[in-house]
Each structure stands twice: as C-alpha cells, then as structure tokens.
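User: I am new to this structure. Please take a close look at one part, the place where two of its chains meet, and walk me through what is there.

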Amino acid sequence: MTALELVVTALDDPVPGVRSVTFAAADGSEVLPTYVPGSHLVVDCGGRTNAYSLTGDAVCPPTYSISVLRLDDGAGGSRWIHDELSVGDVVEARLPRSAFAPASKATRHLLVAGGIGVTPILSHVRAADQWGRDVQVLYAHREGRGAHVAELRELAGDRLELYTDQAGFVARLEEVLAAQPLGTHLYVCGPTAMMDHVLARAAELGWPPSRLHSERFGIDVLDPGEPFTVTVAESGTTLDVPSGTSLLEALLEAGHDIPNLCRQGVCGECRVPVVGGRPLHRDLFLTEDEKEAADVLMCCVSRADGPTLEVSLR
Amino acid sequence: MPKLEHTSVPLWATASPTVAPEPDCGGASYLLVGVGAQGREQVATWADALSGHPVARVVGDHADYVGVDLAAALAEAQVGVRVRIAGPVSSCLALRGVAVNAGVEDDELHVAATAKGTIDVWCSHCTSTSAVEAEIDDVVRCRGCGRSLLVYHHVSRRTGRFLGFQIDAEALPDGLSAEVAS
Amino acid sequence: MSLTVPAPIDPGASLIAGFPFPFVEDRYRYSTNVSPSPSLVTTPAGQWGAAVVDVDAEYRRELAERKDILAKDPGRHVVLPHMRGAAWDALLTLMHELAVAYPGRMSLARTGPHRWLWENRVLDEVLEFTYGDERTLPDEPLGYIASQVQDDIVLLDQRADQLWGDAGVVTFAADWSFGFDVGMSFLEIHGPVPRLREEGIITRAHEFLKRLQPHQPYRRTNWTLTIGRRLDVSTELYPEWGPDREMIQRVDDVTFGRLVHLRVEVQHLIRLPESGAIMFLIRTYLLPLEHVAKVEPWRIRTAQVLAELPEDMADYKGIIKYKDRAAAWLQASGDLS
C-alpha cells in the first residue's frame, strides 16, 4: 500500500511566501514511515498532486514536515496549501519517494541550495549531523526570504555560508568547486537556471557525472496516467480504467482472472493480447520489437495511448 | 562460458582485448600511472597529448610500490582529477583496486593494459594468492595449499585477483570412499 | 582419512508444513519471478510466506552453525566503511520484522529519540542500544542482526546507476564466495551464471531492484539440490563437499533419498528506508527427497522438473551428475506407495 493519510498538526509562515506544514499520521500512529534523506512526499493538494521535500527527522519520525513556496503562476497546488489548508485537515499522500539520496561513499557532501531548494538540503544536513558526515553548505536566497536558516546554522555551524547577492554566490561557487578533496559529492537544488549554472560550471571544472546530484522539483511525480476505457473482445463489455487505477486492477475488479506477479512491469506474467486501440507501454519486460508490434501489453503498468483499448482474455 | 563482457572481468583484462575506448579529457588534472617499460612509455605518450594541463606521474617497475605512491597521491587529490593506469594486466588489476579503495569513481578512471604477463589468482580454499602466468580457464597450482585451481572468469574489484577453486574437488582420491556420518 | 557428509535430521512436521516448495509448473526456467511480500502461500503440506522473516524449528541450530562458521572464517562477514549506515538500517528493519512476526517472542520498543530496547526470548537476549552508536552493541550491527535471523544478508549500495554488494554476512552460500565477491556490482556478481544475461533476466532484475521503494518488500525463490543437510556449500569449502557429488552416485536407493535434499532459497528484496541501500535476504531450506516424496504433488512435480531440466542449467546448479537419478528416484517412490 503506498497511500498515507495525514492530518495537519501545525502551520507556520517562517518567511514571506513560504508556508511550513507539519503532518502526523491520521490514524493516530505514533510514528510515520522512515524515509531516505532528500525524499519527497507526494501530496494530494485539493485535486492536484504535488511533490514536496521532507525536511524533518528521517528515522521513525512522529511527524513529517514540508515547506512550500507560494507560486502565483503555478498549477494551484501551492496556492491551495497556502490558502485552503487548515490545522486538523486530513490529506491524502503517498509514501515518501527517494530520488535525491546522499551518496554513501562520499567523504564530503557539498550542498548547494537556492531559495526553496533548501528543503531537501536541510534533510541532508540533518542526516549528516546524525551520522557525523563532513558537509559544506552554500545557501543562496533572496534577502529576508531564507527559510530554515536558524536550523541550518544550528546543524552546520560555520560550515554554512549564506548569500543574498548573486555575484557573491557565483564567485564563491567558483572557488569552492575548484578546491574539493577527491571523495566529495555535490548536491544542488534550487531554481532551474541556478542548478544549470552550478552543474555546468562543475562539469567545466572537471567534476565527473558520478559526483553530481540534483533534484529538479515537480518532475519526479508518479504518473497515474490518463483515464481510458477497455473492451474485452470475448464479451464485448467495456470497463472504465480511471487515472490511478491500473488496467490489471480494473480487469481483476471486474472478475477476470489475469495471471500476475510483480505488479511492476518486469516479470511478464500479466501479458494480455491487444486487438484494438494502441497500447502505451510502460513496462520493462517487452523488447522494442514487441512494443512496436503493439499486439500485446503488460497490463499491470501499461495503459492506452488514446481513449480506448480492446483486449482479448481468452 | 558466458560472454566475458557480461562478467566481472574488465574488457582490458581479457585475452583478446577489443579496441580501447578513448580516455576522458574532461578532467581538471591528470594522474598518470605506469608500471614497467611499456607502462612508462604509455604514460609519456599520454603526458605529451595532455601538455598544457596539470599532470602528475607515478611510475615504477613493481605494482606494489607504484600502488603505495598512487594511494599517497590520491590522498592529496582533488575532485576533477582523472586517473589513467598503464601496465601489464595484473598490475592494472591491482592498481585499479588501489584506486577503487581510495574512492575513485569509474568515470574518473581509465585503464590500458600493455601486456598479459602474470595474473594473481586467489585460492578460495586456503586464501593465499599465487602470481601465475596464466589465462582464464587455465589450471594452476596453488602456492599455498598445492591444490589445482581453475582460473575462473571472476575478478575482485577491490583486490584485482581472479577467483580460483579446486578443479578436481569432485574426484575421490584413489582407495578412499566417502562415509556418511551416522 | 574418511570423508563425511552431514547427516540429515528428521524434519519433523513443522519443517515440512513450512517448506516453501519452489516449482509452480512442471518445468523450470530462470525468470524475474519477484512478487510482493509477505503473502501467504498454501501448499499441500501446509503454508509459508506469512512474514518477511521466518523463524522455524532450526533457528537455534542454524544460528549456532553460523557462529561456528564465522569463528573459523571471518571473511564471510564484511561491511565496507561506507555501509555503516546501511548496516544499522538493516538491524532496525529486521528487528521490526521479527517483532511483527513473532510478537510473543520478540519485541522492539523505543525508549528515547535514538534509544531502543530489543528482546529476543527465544535466545534469551535483552539489549538496549542507541541507534548509530556501535559502543552500545555487542558486535558490529550487521554481525549482530545476523545472529538473530537464519537468513544470509547482503546489502547493496545504489550508485552510478548500478548496485554494489558492499556489505554482508553470508555463511550458507550455495556455491559462491561472498568474501571474494564483496565490492562487485550486481551484474558482475551474476556474471558467471549462464543464460541469465543473454536472456535479459538479470538486466530486468537489475532494473527492478533499482526501482524498489522502501516499505514494499518483494521476494522470489531459487532452488538446487544439496547432498547431506549441508547449509554451507560455499566455494571456500568446495574441497569438502565437492566429493559428495561422486559419492552420491555409488550409494543405494534408500541412502540416496535420505541424503539428496531439495534446497530452496526464499530471497527477500527490501529497500532499507533510511540509508536507501537494498537488503537482500537469503533464507535457505533443505528437505530430503524421501520427505519430498511423501507429499504426492511435490513428488510428481519435482520429478518432472528434474527430468526436463536442460543440461547447462543442471551443470551450473552443480547437479548434473545425479539429477537424472533424483528424477527417477522420485518417480519410483510413487510406485511403491
């Protein structure tokens, strides 16, 4: 089960434009699932799903914390969190997903944060403090809008450098990138242009890809897929496959006995012949040729490329 | 036997190496390591091609001593360094182990084997290592316990040794029979 | 000098009832046969799979054997320095799984922000420790938790789009050497196995493992035959158990059925929640053919699988010298009942 029901226990506006939200388990559990530092929480924000980095303790934490920047021109998720969400509200979320983990072999962690990109960086710094890891943190933010500065200062002490002017940050970055001991890994999170600059300069200064890690917000969200309808050729009946429900789940729910095992698109058990419509392949099992032939699909992960699909279940 | 490129044996350590890929030139500095005459030659060729870039050399005739110098150089190195190793296969495997253990990532490392020569075979039964002139699938005598070892297509990254195990373990010595413990 | 084979034990009803019979059809081929765990499987003899960790009647005996093996060969227990966090993660995760599966006999309680109290009433051990502080444990964390579960444990670090076997305690290896393999990538470790790469099975398994998420364990089974009740059939000890493959050809039928064991590994694949490392648990089960034969559907199916098994697979599994006799033996035992 990947679903998580959370209740809002606290709201805070630490700096203009940023809202921090604290969640506990809605069922009263004392702890929430442990997560890898740098993980993000996928939250249902009044109909839109958004991903927010977790900032608190990672091991059996009593609460989850996120900090959300208000985006007036976004799709509405952050506005909902700022304007609609209240203490006591229950929200649907998914188990945290890790896509920006600390490198275990790193002998130093060079952490670069820009604006609200500080959130997964804070998570890294917290873990580094607990495990005694060597960190160096550069945090660039607009004057008066540096979220979590006090916490970072407490955790990282003089290993934290703050920059409110771009020129100062860029100059210092040049020095820092050119003088890291072998074994250092770089992590960067912030506005796209800033991340592109940091990564480009690092590569130009000889950093190999294996030492560069970045978290681009809003991209690594689970794709529940577009809704479609599926017709079973033998009976002619048509079923709805809503967004977030797999074709396999829809068929099983309708009473069809489809062999299945991994539910991840790797084992090949749930292979179903396609006799109408075009499959949208999302599996790791079929070969490129088989995918192109478009006459079969792995129904546990794949969907329809278009509004309808017809399958044979004989 | 499965295709060697699907095993832990690096391509440059196989009996018939394919054309070596070009070494990466995106580093900020280069650490060139050479063992033996051909290793030194390769290091000189690389250094010429890299003129204008910061280059440090670690050369010698014995992989053990070169390994000590390499470890020392890596302890002082900065991110941006690229390590290139040239020498006989066994030296390359051993020095790759030194580099890996010092934290060098695969995309910071380039290896060019200059000759076959001896390889190190680790006896899984007595744990001693024998330096032998042999190739994968050969049978060699373990210098530690005397067993006949098959040189298996399996190489340890950390030590650079090939796995050896007793080829005739399933043959019962003459005149003996197995008993079942009651 | 005589060579001895570890004698079989009388499995007893519980070991047969809990045996994870591995064959789901009448022939066997490699596949990426992963499925979510836990998940109860009912068999003709009983059931298995209700929990991620399984403590059975062999618990104390196997843990004692592990201790002996490690005392003689500490090279079976390796934790590369960067895997320290993953080792702690494995310890806490396994303690939690044991406590969930055996609430009357194992318990894990939090006594402070990083303080925990572990009780194992089967081994009569009580331990209060601080997470992350080695001074509060009697042993290195992976070594300690390996003294509490019958599984072998390998921890894989995910980096540069590969998985690296950088820590583990493996005392019951089926013809491989963890001590040699430590530090290799997942693909390198499986390099020597025929068919796997060519058929894309290992690549798919690799892709699957890289996408594993915490709190969603998976499992798969693997199998072979072992002569004698021998858990440790590692490469290191090959000179000791290798000759059994010759000896077994000369014994009478009764002895054959007593000595040849169906060996099943239930492997768990778990993304550790804080370190992000992958924990690979290998839980080994041995059942002599004479007991496999007493469960009719098992007898028939095992005979068919062995008879049909391609030569290269039988050779790789080390059973080519006696698998046909095992198939015939199982066929024949039905005729006697």
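Analyst: Chain B and chain A share 1 salt bridge. In this predicted model, the bridge runs from A:Arg211 to B:Glu108. Their closest N and O atoms lie 2.6 Å apart. On the side of chain B that touches chain A, 7 residues are nonpolar, 5 are polar and 4 are charged.

Now the extent of the contact. Chain B brings 16 residues, and chain A meets them with 17. The area buried between these two chains is about 1200 Å². Carbon and sulfur atoms give 50% of that area.

Some backbone details lie in the chains themselves. In chain A, look at A:His148. This residue is not a glycine, yet its phi is positive, at about 70 degrees. A:His148 sits in the loop between β8 (135–140) and α3 (149–156) of chain A. With a relative accessible area of 15%, A:His148 counts as buried because the cut-off is under 20%.

C:Ala160 is not a glycine either, and its phi is positive at about 50 degrees. The loop between β9 (152–159) and β10 (162–169) of chain C holds C:Ala160. C:Ala160 is exposed, at 53% relative accessibility.

How values were computed: Residues are numbered from 1 along each chain as its sequence is written. Chains are lettered from A and ligands numbered from 1 in the order in which they are written. This is a predicted model: local features need pLDDT of at least 70, side-chain atom pairs count only at pLDDT 80 or more; totals for chains, interfaces and linings use all residues. Side-chain values use heavy atoms; hydrogens and water are left out. Contact means heavy atoms within 4.5 Å. Buried area is the accessible area (1.4 Å probe) that two parts lose on being put together, summed over both. A salt bridge is a side-chain nitrogen of Lys or Arg within 4 Å of a carboxyl oxygen of Asp or Glu. Ala, Val, Leu, Ile, Met, Phe, Trp, Tyr, Cys and Pro count as nonpolar, Asp, Glu, Lys and Arg as charged, and the others, Gly among them, as polar. Helices (H or I, at least four residues) and strands (E, at least two) are DSSP runs, numbered from the N terminus. Buried means under 20% relative accessible area, exposed over 50%, partly exposed in between (1.4 Å probe, protein chains only).
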